[in-house]
Amino acid sequence: MDGAWRALRATGALAIGALATGTLAATSPAMPFAATPAHASSDAAPDGPATDPQPVPRPFGAVAGHPAAPPLRLEALDGPVFNLADSHGVTVVHFFATWCAPCRTELPALGRFAARTPQVKVVLVDVAEVPARVRRFFADQHAPGPVLMDLDRAAARAFGVSLLPASFVVAEGRIALAVDGEAAWDSPDTAIAIARLHGSGAPPRDPSSPAENDNKSQEEQ
């Protein structure tokens, strides 16, 4: 099944829909996932994915057919081996590298998303860097989830990653949402789409939001 997923990524045959307000709207033609832009950033690692040339937060797209996710079993930077097959519910698989400027910019927003949605597991997959470098990076930077080491880029290739950062939302082993480039983690549309996958039917509540504070005040009266 992972071979079929790679083929779909390579041909751009997956139907990707932009998130409309509160809905997933299918679009055609499909977004060609594996095509690296000719003007891609020179920050790319040798023989590896390019960085997002237009680091603006983007909406997630719905992946048609929800194909099975490729196998993902990697050692964590400072923890046990992670196996996606053992992860139930909803899991965000986020590919990044410490040398990637858009990845560094996106990390705080991903951290806020993880804090708001503890019911969704977030794993970061570092692409082709030595552990010592990644460990130094996170010495003064919070990691919103386990940091997995894709030392030989096998996982990135299996997921068809050609642009960093890249994020996939996997629900019960199937890829439901995806985005190439910096994701709009703070967008209400992202919260709504992922909330639907884990069955709550509504985005997680932000206790710091004005609306939530108003609700609390009314309950206390």
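Modeller: A residue is called buried when its relative accessible area is under 20%, exposed when it is over 50%, and partly exposed in between, using a 1.4 Å probe and protein chains only. Helices (H or I, at least four residues) and strands (E, at least two) are DSSP runs, numbered from the N terminus. The model is predicted, so local features need pLDDT of at least 70 and side-chain atom pairs count only at pLDDT 80 or more, while totals for chains, interfaces and linings use all residues. Residues are numbered from 1 along each chain as its sequence is written, and side-chain values use heavy atoms, with hydrogens and water left out.

The part to look at is strand 7, in which seven of the seven residues are buried. Both of its faces are covered, with Val90, Val92, His94 and Phe96 buried on one side and Thr91, Val93 and Phe95 buried on the other.

Two strands count as paired if DSSP finds at least two bridges between them. Strand 7 pairs with strand 11 in the antiparallel sense over six bridges, and there valine 90 has alanine 171 as its bridge partner. With strand 8 (residues 121-127), strand 7 pairs in the parallel sense, also over six bridges, and threonine 91 has lysine 121 as its bridge partner.

Rings of Phe, Tyr and Trp (its six-membered ring) pair if their centres lie within 6.5 Å, and planes under 30 degrees apart count as stacked, over 60 as edge-to-face and the rest as tilted. The whole structure holds seven aromatic pairs; in one of them, the ring centres of phenylalanine 95 and phenylalanine 168 are 5.9 Å apart and the planes stand at 90°, so this pair is edge-to-face. Because phenylalanine 95 lies in strand 7 (residues 90-96) and phenylalanine 168 in strand 11 (residues 166-171), the pair ties together parts that are 73 residues apart in sequence. Phenylalanine 95 has 0% relative accessibility and so counts as buried, and phenylalanine 168, at 0% relative accessibility, counts as buried too.

Finally, strand 7, helix 2 (residues 101-116) and strand 8 make a β-α-β unit that is right-handed, a word used if, with the strands pointing away from the viewer, the path from the first strand over the helix to the second runs clockwise.
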